[in-house]
Amino acid sequence: MSLRIGIDVGGTNTDAAVLDGDVVVAATKATTTEDVTTGILDALTDVLPAIDVAEVEAVFIGTTHFINAIAQAKGLATVAAVRIATPPQSLLPMIDWPEHLLPVIGDNFHVVRGGSQFDGRLLNDLDEEGLREVAGRIRAAGIRHVALSAVFSSVNAAPEIRAAEILEEELPEATVTRSALVGRVGLLERENATILNAALRDLADQVINGLERVVGSVGISAPILLSQNDGTVMTLERARLFPIFTIASGPTNSMRGAALLAGITDGVVIDVGGTTSDIGMLQHGFPRESTIAMSLAGVRSNFRIPDVLSLALGGGTIISDDGAKVGPESVGYRIGTEALVFGGGTTTFTDIGVAGGADPIGDPARVAGLDPALVERGLGVIRDMLVTAVDKAKLSSGEVPVIAVGGGAALLKAVGGIDGIVIPPHAGVANAVGASYAEAGGEVDSVYALEGKTRAGVLEEAKELAVARAVEAGADPERVRIIEAEEVPLTHLPGGTAVHARVKAVGPFRALKTAEGK
Amino acid sequence: MRLIDEAALDDITLGSTIFGAGGGGDPYIGKLLARDAIRRFGPVPLVDVEEVPDDARVVFIAGMGAPGVLAEKLPRAAEYDRVLRELEAHTGEKYDYVCPAEAGGLNAVTPFATAAVVGVPVIDADGMGRAFPHLEMVTPTLYGGKATPLVMVDEHGNNMLLTCEDNAWVERIARAAVVTSGANTTLALYPMSGAEAKAWLVRGVLSAAAEVGRAIREARAEHRSAVQAVLDSQNGILLFEGKVEHVERRNEGGWTIGRAELAGLGADKGNEMVVHFQNENLMAERNGRIIATSPDLIMAMELDSGEPIPAEEIRYGFRVAVIGLPCDPHWRTPEGLELAGPRRFGYDVDFTPVEEFVR
């Protein structure tokens, strides 16, 4: 037997689930604590009595440490940003950042001549002497973390790699985060993520030491893996270098968990929380990603997160006296005292759900007297909201399965009217299940010039690179597979000039070869 | 005359996405460039074309490249300054005003970078009143206005002076040079007199964009319909409300070409619409009948958020309002329809003024 523990730290709850293969053998919800690790310890303490810790093969953790640090500008190190481009630049690093994060850089940004063109030609020769001078200034300022971004480094990495070598030579004490390893095409967004990553490096060491301590303290010696934004995981060793990849794993973990619990890889997922419901689309067991740039606490990035539609509808959503108005207000975390079923005085979605036939929550007798017309009308409004949202999330007009997860999933039984809906067991801890379900991944997101190459040839090249990256991240080379591959010609350029290729490869972790990865 | 500061620039940028009529490129990078210039040099005067003396010299400023490249090889204020100096050096003329060629999308705001740095006003007018994919598709072409002498500059210090036989040649040669240079160039083109600007250009288009932007912003803040706010602000026509059922899209020669099929919602239940696009939305067909075509503006806006949906991004499941805005009267002449009407884009139909549509 080999067990995997998934832990998902959310804003309110820290959920844990223990899986034996695909079977959930223990699960719990603990309260998230400010230091995060105490909440993790509480959750682990809850589930461990049910299992033998010696059989734990890996612990998967999705954590909010790093996004909290960015949102509150706490624990961030000072960073020097170096952009390799054509000086002088007009759109400077951090041009569109929220005020509270500006001290991360202060005046420590530098532009050095260099970079590439969209077709891989050099933009300028790298000004090595200028870069060494900049390194001297960074040293003099006492800064220990450098964020390095070269124009089109995702197309031709050589200038950025050479610049990193020079910086490492000149600044042996400093860390250098190289943009091509962090982000995609789109200089400002990639540079933003690179700067934030550099600013999180010290904190990453602290957090990861803390996670190792807390997991070790309960007697688990198995490796710890951290959930990434895209639903794959990475080793702690890698997470120390790239903490930025862990910041938005929550929605992805829920959707991946839904896929595992329901045994469905393609469909719509409704994640019903306390205040909102997130509706997204699963493709090949992974969430469909948004095409819109993701904001990291107000900083634009080009990370893609699951394309979810958030509805102001959760277990705590307030229903008007006649049932005609649902939300957007919610009693939120006070549901345990304010909802009717818990002895409160506010009618919520939970109350009309229980009254309408969902499994009992709290004291069902307290909603037995609710006006049936109110219940029917409220559930009707909710049904319309969900049917519309599911329809929006779908890719085409055909029928697709719908999976409901999250703390409020059971309420959907009372709502009805959604064709093909599945509410799997353990739906409430789908996020923790999803965390434990993660694989290692690699991706390519780059522009390729077509000179002397075919579009099919370019796509093959990108696929090979994505597979190599997945293997480097820990995927089993024999079981790595491509889950997404597309190439789109660049617009406004004559056909056949260049394409934008996006490929993603995933595979089960090598270290977990004995466990049956899905 | 009014001064365009950062807040006014935000409104113009938002409004320009509507005038993009499904194309024109994401104006975010353009806005950052103009905003940076305004921060450094102060607000830019925006003048009505009537305020421009007949003998003044006027020129269009535009970026030409691939939006996918501009996001990486970022535009610089230096080129937006130099492009005008170079044209002045070659022609021996001083330019008193700049003006956008295209008020839809990215190029609605790029002239503000030149204006702020050089210290000249922007004229509240453009050569399209919307977005079009080709450099010769501007109103001056209708009156014999010439794109050249044209100067194209890039960040490598290359300057190209072009004089051409006709404006269609300019498009072909400039597009090739754009690729060679690395797909991010800055142009000064269509030099003209104040008198010509008055006769040729689409008037008031930037203040209209600002009005649209303000209408959307206020409607959102007050939780009103942004779609209705745009219609009210521009005498627009609601052509259809529906859900996107199917999208066909392909890339041909660098252009995004295809169609979106919609099934009606609300008052339009039971009806169908097809929106045909080639970078921009060019034709709308309701229950098989053509009700709107280029050069009138056809735009899809998301019903809930009022977010304009570009043709590149429309996909199954979007619930949208398709709206039509009448184009400038310059385009409704026989010459205008020949240059930018449906047949110019390969649709064998007659132009139908969008305001003739009755639901």
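Q: Which residue of strand 17 of chain B is the bridge partner of B:Gly242?
A: The model is predicted, and in it strand 11 (residues 237–252) and strand 17 (residues 319–325) of chain B pair in the antiparallel sense over six bridges. Within strand 17 of chain B, the residue that forms the bridge with B:Gly242 is B:Val320.

Q: Which strands stand at the edges of the open sheet of chain B, and why is one side of each left without a neighbour?
A: The open sheet has seven strands in the order 15-14-13-12-11-17-16 (chain B), with antiparallel pairing. Each strand at an edge has a single partner strand, so one side of it is left without a neighbour in the sheet, and the strands in this position are strand 15 (289–293) and strand 16 (297–302) of chain B.

Q: By what angle are neighbouring strands of this sheet of chain B turned against each other on average?
A: The strands concerned are those of the open sheet of seven strands in chain B, whose pairing is antiparallel.

Q: What angle does the direction of helix 10 of chain B make with that of strand 17 of chain B?
A: Helix 10 (residues 226–234) of chain B packs on the sheet, where it touches strand 11, strand 16 and strand 17 of chain B. Taken against the direction of strand 17 of chain B, the direction of this helix makes an angle of about 5°.

Q: Which elements of chain B give two or more residues to the side of domain 1 that touches domain 2?
A: Chain B is divided into domain 1 (2–203) and domain 2 (225–356), and the C-alpha centres of these domains lie 26 Å apart. In the contact between them, 17 residues of domain 1 of chain B meet 22 residues of domain 2 of chain B. On the side of domain 1, which divides into nine nonpolar, seven polar and one charged residue, the elements giving two or more residues are helix 1 (6–19) and helix 6 (139–142) of chain B.

Q: Why is chain B described as compact as a globular protein of its length?
A: Chain B holds 11 helices and 17 strands, and its C-alpha atoms fill a box of roughly 60 × 45 × 40 Å along the principal axes. Buried residues make up 58% of its 359 residues. The description rests on the radius of gyration, because the globule rule gives 21 Å for 359 residues and the value for chain B is close to that, at 19 Å.

Q: How many residues of domain 1 of chain A are in contact with domain 2 of chain A?
A: Chain A is divided into domain 1 (74–196) and domain 2 (439–512), with 25 Å between their centres, taken over C-alpha atoms. The side of domain 1 of chain A that touches domain 2 divides into three nonpolar, two polar and two charged residues. Domain 2 of chain A contributes seven residues to this contact, and the number from domain 1 of chain A is seven.

Q: Which element supplies the largest share of the side of chain A that touches chain B?
A: The contact takes 33 residues from chain A and 31 residues from chain B, and the side of chain A divides into 16 nonpolar, 13 polar and four charged residues. Helix 10 (372–393) and strand 22 (481–489) of chain A each supply at least two residues of that side. The largest share, three residues, comes from helix 10 of chain A.

Conventions. Residues are numbered from 1 along each chain as its sequence is written. Chains are lettered from A and ligands numbered from 1 in the order in which they are written. This is a predicted model: local features need pLDDT of at least 70, side-chain atom pairs count only at pLDDT 80 or more; totals for chains, interfaces and linings use all residues. Two residues are in contact if their C-beta atoms, placed from the backbone, lie within 7 Å. Helices (H or I, at least four residues) and strands (E, at least two) are DSSP runs, numbered from the N terminus. Ala, Val, Leu, Ile, Met, Phe, Trp, Tyr, Cys and Pro count as nonpolar, Asp, Glu, Lys and Arg as charged, and the others, Gly among them, as polar. Domain bounds come from an automatic or database domain assignment. Two strands pair if DSSP finds at least two bridges between them. Axes are lines fitted to C-alpha atoms, for helices over the stretch in contact, and angles run from 0 to 180 degrees between N-to-C directions. The radius of gyration is taken over C-alpha atoms; the globule rule is 2.2 Å times the number of residues to the power 0.38. A residue is buried if 20 or more other C-beta atoms lie within 10 Å of its own, exposed if 12 or fewer, and partly exposed in between; C-beta atoms are placed from the backbone.
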